[in-house]
Amino acid sequence: MSELAGQVREALRARGEPVSRLGYFCAPFRPASGPLSDRVIKTYRGGRDPDLLEQLARRHDAYADVLRWAGVRLPETRFLILNEAGYLQPVIVQEALDERLLMRPQIEAASLPEALSMLEDAAASIAEFWGRVAQRPERIGYHPSIRNFAIDERGPIFFDTFPPLIGYSREEMGRLLLRFSESGLVRGMGRVMPERIRAIQDEWYSPAGTIVGLIGSAVRLRPADGPAILDWARAFAGTQLKPGLREEVLAELDRPPRLPAFWTGMRRVLGLEGKPNV
């Protein structure tokens with residue numbers, strides 16, 4: 001780990017342009033050269049709260065293990081904490097993916113049958129995840145949005161492991177959303193409207209919400225194909241989802257799913273563009 005930490009420090013000194021500006025928590029970048037040139041580096045808001053950060057590191061490793069156990073494909077992902085004279089900086093170093101595999105641009109460029117096939121693969125993988133973790137005692141979430149997926153010939157690859165959605169109560173996760181937001185505006189809003197910030201996470205902990213969220217993103221990316229996407233989604237839910245989850249998803253598909261107005265407004269204020277959050 002000490003060798004990796006040294007490589008990360010060197011990459012941070014030579015940091016180039018971020019590969020994405022969409023992230024709520026960070027702007028990931030890929031080093032142009034050096035031993036980490038085949039990795040994406042994600043740095044998060046540091047501080048002097050070692051107990052919180054050490055717990056975060058343990059839960060990140062546990063979350064990555066659970067994702068893989070539940071059948072989710074992850075790139076090689078390592079979490080470390082850089083210690084700079086007591087100032088602790090959380091960092092994720094992740095195997096870089098070929099940008100041509102990112103799901104969002106593939107969905108945009110594909111024919112309608114190809115796009116629906118990718119959506120089917122992604123939705124099936126989401127349902128499989130929830131089925132596998134249903135009996136686990138921990139509070140576990142998942143954020144499988146189109147921008148957090150890549151797709152290759154074997155199916156979906158998920159690459160968003162922060163924050164680690166395992167073991168935190170709703171209240172605790174709300175505090176993490178504030179603690180690690182890069183935006184002072186968001187942190188200020190959280191002090192006066194904490195429930196609005198806590199609510200950001202609710203879809204991540206809802207099996208139906210994650211599937212409906214995927215469908216809504218696809219409709220927004222391809223509005224002209226919205227009716228066909230909704231027809232596919234209803235057929236998928238009716239034939240591929242288990243009772244209970246099936247009815248929850250179908251109840252949300254009478255019209256195109258929409259993002260909550262608060263979150264849409266926040267993304268606009270923060271200047272978050274709709275690109276993959278690699």
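Contact here means heavy atoms within 4.5 Å. Helices (H or I, at least four residues) and strands (E, at least two) are DSSP runs, numbered from the N terminus. The structure is a predicted model, in which local features need pLDDT of at least 70 and side-chain atom pairs count only at pLDDT 80 or more, while totals for chains, interfaces and linings use all residues. Residues are numbered from 1 along each chain as its sequence is written, and side-chain values use heavy atoms, with hydrogens and water left out.

The protein contains eleven helices and five strands. Of its 278 residues, 50% are buried. Buried means under 20% relative accessible area, exposed over 50%, and partly exposed in between (1.4 Å probe, protein chains only). The exposed surface comes to about 13,300 Å², and carbon and sulfur atoms supply 50% of it. Accessible areas come from the Shrake-Rupley method with a 1.4 Å probe; for residues, only the protein chains shown count as cover. Among contacts between residues at least 6 apart in sequence, 69% join residues at least 24 apart.

Helix α4 spans residues 112-133. Its 22 residues reach 32 Å from first C-alpha to last, close to the 32 Å expected at 1.5 Å a residue. The expected span is 1.5 Å times one less than the number of residues. An α-helix has 3.6 residues a turn, so residues three or four places apart point the same way.

The largest nonpolar core holds 67 residues. α4 gives the most to this core, with eleven residues. A nonpolar core is a set of buried Ala, Val, Leu, Ile, Met, Phe, Trp, Tyr and Cys residues joined through side-chain atoms within 4.5 Å. The residues with the most contacts inside the largest core are M103, L119, F129, Y142, L214, W232 and V249. Leaving aside neighbours within four places in sequence, Y142 touches I126, F129 and W130, among others. Its partners also include Y63, L67, V72, F149, F158, L165, W204 and T210. A second, separate core has eleven residues, including V8, A11, F29 and L82.

Three strands form an open antiparallel sheet in the order β1-β3-β2. β1 (39-43) and β2 (77-84) stand at the edges with a single partner strand each, so one side of each is left without a neighbour in the sheet. Neighbouring strands are turned by 25° against each other on average, direction ignored. Axes are lines fitted to C-alpha atoms, for helices over the stretch in contact, and angles run from 0 to 180 degrees between N-to-C directions. Two strands pair if DSSP finds at least two bridges between them.

Five bridges join β1 to β3 in the antiparallel sense. Here I41 stands opposite V93, and R39 stands opposite E95. β2 and β3 (residues 87-95) are linked by eight bridges, again antiparallel. I81 has P90 as its bridge partner, and L82 stands opposite Q89.

In a regular strand the side chains alternate between the two faces of the sheet. Both faces of β1 are covered, with R39, I41 and T43 buried on one side and V40 and K42 on the other. In β3, seven of the nine residues are buried, so this strand is largely enclosed by the rest of the structure. Helix α2 (residues 50-69) lies across β2 and β3, running at about 170° to β2.

Most residues other than glycine have a negative phi, and most peptide bonds are trans. A85 has a positive phi of about 55° although it is not a glycine. This residue lies in the turn of the β2-β3 hairpin, which has two residues between the strands. A85 is exposed, with a relative accessible area of 76%. The peptide bond from F162 to P163 is cis, with omega near -5°. P163 sits in the loop between β5 and α5 (170-180).

E153 occupies the loop between β4 and β5. E153 is exposed, at 75% relative accessible area.
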